[in-house]
Amino acid sequence: MKIVFFTDFYYPDLNGVSSAVDLSAHGLRNLGHTVYIVAPAAARPTPEDHPDVIRLPSAPGMWHKEMRDGYMTPKNARLIKSLNADIFHFHTNGVTGIGGMRIMFALNVPAVAHYHTDYEEYSKIYRGMWAGLLTGSLFGPLFVGQQKAWPESWQGIKPKKTFKEWNENMVRNVVRLSYIYFQNVIVPSQKMKDKLRSYGVKSRITILP
């Protein structure tokens, strides 16, 4: 198969998502599949990239200081479309992931997604995350070309009694709307599966530690 990974985190940045992406690609390639990895360009050149890594022009992350936002250009979009992929695999749903989802909808490519990070718990630690979630709620449907999802998307920004309640509601709503479009969602544990189900994600969910 021809598989295209989309990730907002990748080497030379070291974190759990980068490692999971690399291990998954390595394992699939060993089984005879072709795996392309679409990721933001690093702050410095990375000459050691695998030939099938596609780097997007990037800038320092707007909402997360430890990441770079990769922007899908028309040239990159044409290249990815020309791959004639059998399936798209989304590891994250940041700026890079959103660019890939737009292509997914345009081509109607089958797609799966990973839910690596417990965003609800993470947002309690990384307070700056709420700005990105708010932007996703307001403009996410426009970015991915699914304007019909706007009424549901805006449900997440309804006023609540406290900031904590408002933030949690926004996280849950954004996550639900981000993962309902995939044929299968991969999670690392039963806890994460239960959490996605509680958010209203009805897609098939597979536990892959």
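## Strand β6 and its partners

F6 has F90 as its bridge partner in β6, where strands are DSSP runs of E with at least two residues, numbered from the N terminus. This is a predicted model, in which local features need pLDDT of at least 70 and side-chain atom pairs count only at pLDDT 80 or more, while totals for chains, interfaces and linings use all residues. Residues are numbered from 1 along each chain as its sequence is written, and side-chain values use heavy atoms, leaving out hydrogens and water.

Strands β1 (residues 2–6) and β6 run parallel, joined by 4 bridges; two strands pair if DSSP finds at least two bridges between them. On β7 (residues 111–114), F90 stands opposite A113. From β6 the chain crosses through α3 to β7, and this β-α-β crossover is right-handed: with the strands pointing away from the viewer, the path from the first strand over the helix to the second runs clockwise.

Which way do the side chains of β6 (residues 87–90) point? I87 and H89 point one way, F88 and F90 the other, and all are buried, meaning under 20% relative accessible area with a 1.4 Å probe, counting protein chains only.

## Helix α3

Now for the helix, a DSSP run of H or I with at least four residues. Buried residues of α3 include V95, I98, M101 and M104. After α3 comes N108, with a positive phi near 60°.

## The nonpolar core

The largest nonpolar core has 31 residues, and F88, F90 and Y115 are among those with the most contacts inside it. Such a core is a set of buried Ala, Val, Leu, Ile, Met, Phe, Trp, Tyr and Cys residues joined through side-chain atoms within 4.5 Å. A second, separate core of 14 residues includes F5 and V21.

Terms used
Buried < 20%, exposed > 50% of the residue type's maximum accessible area, 1.4 Å probe, protein only.
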